[in-house]
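Biologist: I'm new to this one and would like to learn how to read it. Could you take me through it, feature by feature?

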Amino acid sequence: MKLEGIHHITAITGDAPRNVDFYTRILGLRLVKKSVNQDDPTVYHLFYADEQGSAGADLTFFEYPGAAPGRAGRGMVHRIAWRVASDDALSFWAERLADEGVQVDRVGDGGAFALRFRDPEGLEHELVVDASGDDPLIAEHPEVPAEHALRGFDGVRAYSHDAEQSRGLLEGALAFEPAGDGWEVRGE
């Protein structure tokens, strides 16, 4: 099996209006679709992406009104990494997010760095300079210049109860490669 990238990421929100505000107004993503959860039609399903709703930039949320913020644990995605074009884009986002009252942390070592922040319900995001060579997946937004816009997913981080138990599946069956304190896979 060969994986070519992330199709979409799905999470849960307890407050759809606040979620829409954060992901569209602040992060500049496009609300591509609002539908209902096909398994539970009482629950909204929100889809954010680039202008075309492309795979690789599609972040979705199920709304369970009043749901308490989650605590990331085993098997859960706890950080979404997004691609941006340049260090100038990172500076733009550091300022934009801070102006919105979002705490931003600069992380990294050597010359490379990234920005980390959380959405209003605690889901962590990281912005990294794009080294993928993939086409940018950009949403148009009046306050986010195209050269600073989010360009699609770079990756996700998830917790494991016992990473060694995952090694055979990730390295053997899925052809992930060891990277830092985890594994990664990239398409051609």
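**Reading helix, strands and cavity**

Modeller: Let's start at a helix end: D15 caps the N-terminal end of α1, with a side-chain oxygen 3.2 Å from the backbone nitrogen of R18. This is a predicted model, where local features need pLDDT of at least 70, side-chain atom pairs count only at pLDDT 80 or more, and totals for chains, interfaces and linings use all residues. Residues are numbered from 1 along each chain as its sequence is written, and side-chain values use heavy atoms, leaving out hydrogens and water.

Biologist: Which residues of helix α1 are buried?

Modeller: Two terms before that. Helices (H or I, at least four residues) and strands (E, at least two) are DSSP runs, numbered from the N terminus. Buried means under 20% relative accessible area, exposed over 50%, and partly exposed in between (1.4 Å probe, protein chains only). In α1, which covers residues 16-26, the buried ones are A16, N19, F22, Y23, T24 and I26. After α1 comes G28, with a positive phi near 80 degrees.

Biologist: Now the strands. How many residues of β5 are buried?

Modeller: In β5 (residues 77-84), 7 of the 8 residues are buried, so to speak mostly covered. H78 sits in this strand, and H78 counts as buried because its relative accessibility is 12%. Contact means heavy atoms within 4.5 Å. Neighbours within four places in sequence aside, H78 is in contact with A72, L123, E124, R157, A158 and Y159.

Biologist: Which strands does β5 pair with?

Modeller: Two strands pair if DSSP finds at least two bridges between them. β5 runs antiparallel to β9 (residues 153-158), with 5 bridges; there, A81 has G155 as its bridge partner. I80 is bridged to H125 of β8, while R79 stands opposite E124.

Biologist: Why is β8 described as largely enclosed?

Modeller: Because 5 of its 6 residues are buried, β8 is largely enclosed by the rest of the structure. β8 also has antiparallel bridges, 4 of them, to β7 (residues 112-118), where F117 has H125 as its partner. β7 and β8 make a hairpin with 5 residues between them, and G122 in the turn has a positive phi of about 100 degrees.

Biologist: What lines the largest cavity?

Modeller: On a 1 Å grid over the protein atoms alone, a cavity is a set of points where a 1.4 Å probe fits but cannot get out, and lining residues have an atom within 4 Å of a point. Grid points are joined across faces, edges and corners, and a volume is the space filled by probe spheres set on the points. The structure has 1 cavity of 30 Å³ or more, and the largest cavity has a volume of about 30 Å³. Its lining is L27, G28, L29, A139, V144, A149 and L150.

Biologist: And A175: where does it lie?

Modeller: A175 is in the loop between α3 (163-173) and β10 (177-179). A175 counts as partly exposed because its relative accessibility is 45%.

Key: 1 Å grid on protein atoms, 1.4 Å probe; cavity = no way out; pocket = protein on both sides within 12 Å on 5 of 7 lines; lining within 4 Å. Polar contact = N/O pair within 3.5 Å; in protein donor to acceptor, adjacent residues only side chain to side chain.
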